[in-house]
Amino acid sequence: MASLIPTLTLTSSDAFASQALSLSVTDNLSVAAPMADVSRMATNDNIGHGAGVILAESTNQYYVYVKHLGILASDFSSASHVSNDFVTLSDHDATAGLTIKLQPSEFAFFPMKQGDGSDGGGNDGGLKVTKGGADVVIEFAYFTRA
Amino acid sequence: MASLVPTLTLTSSDVSTAEALSLSVTDNLAVSGGAISFQVVTSTTGTVFAAAANYSKSYVFLQNLDANIAMTIEKANNGDEYMTLGAKEFAFFPWAAAVDLAVDAASGTPTLEVRIYQAAS
């Protein structure tokens, strides 16, 4: 078992007229394998569970980080389209959307609910990234909740 | 239009014996329209706290303020489940506002903090 320390800050000087936004939260999470340290893949890559699938169906709970790197999968270099080339996150077989939509440079961090480990229904578990336009490159990491 | 600057760091000295984890990412998000901050007293019956029909794409911060009780973020009461927020855990994500966000406590009436910043279109 290991410790993962996530810290999030949200700041804004102009979101509100009469108060600056300065939010900061941190936590100390107990994590274990299976885990993936910072990694990158294209939305059409198959890293072992099917194209675009980061995590197969599972009964594990995971802490998940995903970032849209804003580059195309075709050469891992050219900039992706600002609005058309978004990605969405769903469960393994894309039957239950996480309702997360990442445009270039956007990221998400969340504790993913465990699935029932079997196919069918809305609680399969797992995590899949699906392209909106062209295939793009994402960065990700995940850690199993201990 | 205003700017929202999120910064996430993930650190660990022991997830790997070969390397420390030290990730830091930031962004500069254009936001406009609604910027809502509120707390919800949850229950063991799933309740919608952000109806998709009332929002466009938004940046969402959630934190379980309870020190002991977990809660589930789901589509509706007994609907598709997305996240489990353990005690004091948080989440930050760009929400497509395609389906509702609801919360269901594992027990009791823990409080969920919610902040929603609508993305500039």
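Here is a short chat about a predicted model with chains A and B.

Reader: What makes chain A agree with a compact globule?

Author: Look at the radius of gyration. A compact globule of 146 residues would have one near 15 Å, and chain A has 16 Å, so the two agree. Along its principal axes, the C-alpha trace spans about 50 × 40 × 25 Å.

Reader: What is chain A built from, helices or strands?

Author: Strands: chain A has zero helices and 10 strands.

Reader: How do you know that E1(A) and strand E1 of chain B pair?

Author: Two strands count as paired if there are at least two bridges between them; these have seven, so they pair. The sense is antiparallel. Take A:Pro6: its bridge partner in E1(B) is B:Leu10.

Reader: Which strand gives the most to the side of chain A that touches chain B?

Author: The contact takes 44 residues from chain A and 44 residues from chain B. On the chain A side, E1(A) gives the most, with 11 residues. By class, that side has 25 nonpolar, 12 polar and seven charged residues.

Reader: What does A:Val66 touch?

Author: Leaving out residues up to four places away in sequence, its contacts include A:Leu89, A:Phe107 and A:Ile138.

Definitions and conventions. Residues numbered from 1 in each chain as written. Chains lettered and ligands numbered in written order. Predicted model: local features only at pLDDT ≥ 70, side-chain atom pairs only at ≥ 80, totals over all residues. Contact = placed C-beta atoms within 7 Å. Helix = DSSP H or I, 4+ residues; strand = E, 2+ residues; numbered from the N terminus. Nonpolar A, V, L, I, M, F, W, Y, C, P; charged D, E, K, R; others polar. Rg over C-alpha atoms; globule rule 2.2 N^0.38 Å.
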